[in-house]
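Work through the exercises below with the structure in view. Each task is followed by its solution in steps.

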Amino acid sequence: YNLGLSNRRVAAVRQVMIDRFNVQASRVSSRGYGESQPLASNDSDAGRAENRRVMTVVINTVESYRPR
């Protein structure tokens with residue numbers, strides 16, 4: 001269940017980037033991790049809240065690279 005929820009959450013963020021910020025869909029990927037990568041303990045409400053997150057990684061690609 002949590003993996004499916006994670007995938008839906010990250011897909012929603014991806015869609016906002018595409019719709020609201022005009023990022024090309026081909027440039028944005030998403031991956032949910034479910035319970036596999038917690039930051040905090042899931043034994044408390046605060047820990048579970050901290051584990052509900054979306055992380056963004058930006059990779060700069062230089063399209064007009066010319067070696068010297």
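A pocket is found on a 1 Å grid over the protein atoms alone, as an open set of points with protein on both sides within 12 Å along at least five of seven lines, and lining residues have an atom within 4 Å of a point. The model is predicted: local features need pLDDT of at least 70, side-chain atom pairs count only at pLDDT 80 or more, and totals for chains, interfaces and linings use all residues. Residues are numbered from 1 along each chain as its sequence is written, and side-chain values use heavy atoms, with hydrogens and water left out.

**Exercise 1.** Describe the lining of the largest pocket.

Step 1. The lining consists of 33 residues, and those nearest the centre of the pocket are V10, R31, Y33, V54 and M55.

Step 2. By type, the lining residues comprise 13 nonpolar, 11 polar and nine charged. Here Ala, Val, Leu, Ile, Met, Phe, Trp, Tyr, Cys and Pro are nonpolar, Asp, Glu, Lys and Arg are charged, and the others, Gly among them, are polar.

Step 3. Helices α1 and α2 (45–51) each supply at least two residues of this lining, and α1 gives the most, with eight residues. A helix is a DSSP run of H or I with at least four residues, numbered from the N terminus.

**Exercise 2.** Where do the buried residues of α1 lie around its axis?

Step 1. Buried means under 20% relative accessible area, exposed over 50%, and partly exposed in between, with a 1.4 Å probe and protein chains only. In α1 the buried residues are S6, V10 and I18.

Step 2. Viewed down the axis of α1, the buried residues fall within an arc of 110 degrees, so they line one face of the helix. The arc is taken from the directions from the helix axis to the C-beta atoms.

Definitions and conventions:
1 Å grid on protein atoms, 1.4 Å probe; cavity = no way out; pocket = protein on both sides within 12 Å on 5 of 7 lines; lining within 4 Å.
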